[in-house]
Amino acid sequence: MPEGHSIHRLAIAFTELAKLGIARASSPQGRFAEGAAALDNARITRPWAWGKHLFLDFDIPQPATLHVHLGLYGSWKFQAGEGIALPGHIGAPRMPGEHPGDTYKQFSGQFQPAPPGENVRLRLEFSRAIADLSGPNQCELLDKAGVKKILARLGPDPLVDSCTAEDFIARARKTSRRIGEVVMDQSFIAGPGNIYRAECLFRCGINPNRQAAKVSVKRLR
């Protein structure tokens with residue numbers, strides 16, 4: 001499952017796409033036809049991420065926020081015209097040998113994107129770029145209350161500028177659960193998955209089976 005840093009990379013990619021103006025939206029697969037119709041011919045006003053959740057605010061009446069959680073099988077695939085820097089792909093691999101993120105697919109000359117595959121839940125087509133979403137765990141339109149409901153069950157996101165460590169530290173020091181479980185619990189801290197759990201605990205020299213309450217404040221920070 002893509003971890004928080006990958007979702008923030010998606011928000012950066014959509015920040016670039018938003019500069020291209022209105023988006024034509026469609027659901028080739030048909031499972032998001034109503035939502036795509038609501039987004040069609042609209043502009044993205046704010047792409048942002050919190051933990052493993054991507055939010056795209058559009059200039060349409062409420063519900064105006066596209067919420068995507070990729071889960072284990074979801075991915076975004078990008079095609080872009082010359083001069084537009086986008087990741088080729090972020091998320092679960094869709095084709096054999098496809099690198100999950102750092103290759104760039106660009107066209108020289110006329111932009112002629114490939115048609116969407118049969119599993120594309122949502123296609124957002126801009127003047128010189130396309131974003132295709134396949135296999136997400138969640139793809140839905142939310143109003144402001146729906147967005148707040150999701151954020152209310154998530155802990156702080158360490159990649160958000162306004163985030164501080166204090167909330168995570170305070171909660172971790174009050175639980176008898178193992179620190180390895182706590183780091184994976186999105187209600188304690190939003191974004192880390194199994195890779196970051198393993199790497200950060202290893203680098204800090206913390207046994208994942210140690211009770212979180214017994215880890216020092218300094219090490220938790």
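Trainee: Which residues form a nonpolar patch on the surface?

Mentor: Met 1, Leu 72 and Tyr 73 form it, with about 370 Å² of accessible area together. Patch members have over 30% relative accessible area and no salt bridge, and nonpolar side chains (Val, Leu, Ile, Met, Phe, Trp, Tyr) are joined within 5 Å. A salt bridge is a side-chain nitrogen of Lys or Arg within 4 Å of a carboxyl oxygen of Asp or Glu. Areas come from the Shrake-Rupley method with a 1.4 Å probe, and for residues only the protein chains shown count as cover. This is a predicted model, in which local features need pLDDT of at least 70, side-chain atom pairs count only at pLDDT 80 or more, and totals for chains, interfaces and linings use all residues. Residues are numbered from 1 along each chain as its sequence is written, and side-chain values use heavy atoms, with hydrogens and water left out.

Trainee: Why does Met 1 count as partly exposed?

Mentor: Because its relative accessibility is 45%; buried means under 20%, exposed over 50%, and partly exposed in between (1.4 Å probe, protein chains only). Met 1 lies in the segment before α1. Helices (H or I, at least four residues) and strands (E, at least two) are DSSP runs, numbered from the N terminus.

Trainee: Moving inside, how many residues has the largest nonpolar core?

Mentor: It has 36, and Phe 14, Trp 76 and Leu 124 have the most contacts inside it. Such a core is a set of buried Ala, Val, Leu, Ile, Met, Phe, Trp, Tyr and Cys residues joined through side-chain atoms within 4.5 Å. The largest share, six residues, comes from α1.

Trainee: And what does Phe 14 touch?

Mentor: Leaving aside residues up to four places away in sequence, its contacts (heavy atoms within 4.5 Å) include Ile 44, Leu 54, Trp 76 and Leu 124. A second, separate core of 13 residues includes Phe 168 and Phe 188.

Trainee: Now β3: is it mostly covered or uncovered?

Mentor: Mostly covered, as six of its six residues are buried. His 53, Phe 55 and Asp 57 lie on one side, with Leu 54, Leu 56 and Phe 58 on the other.

Trainee: How does β3 pair with β2?

Mentor: They run antiparallel, joined by six bridges; strands pair if DSSP finds at least two bridges between them. Ile 44 stands opposite Phe 58. The hairpin has two residues between the strands, and Gly 51 in the turn has a positive phi of about 65°.

Trainee: What about β4?

Mentor: β3 and β4 are also antiparallel, over five bridges. Asp 57 stands opposite Thr 65, and the hairpin joins the two strands through six residues.

Note on methods:
Patch = residues over 30% accessible without salt bridge, like charges linked within 9 Å, V, L, I, M, F, W, Y side chains within 5 Å.
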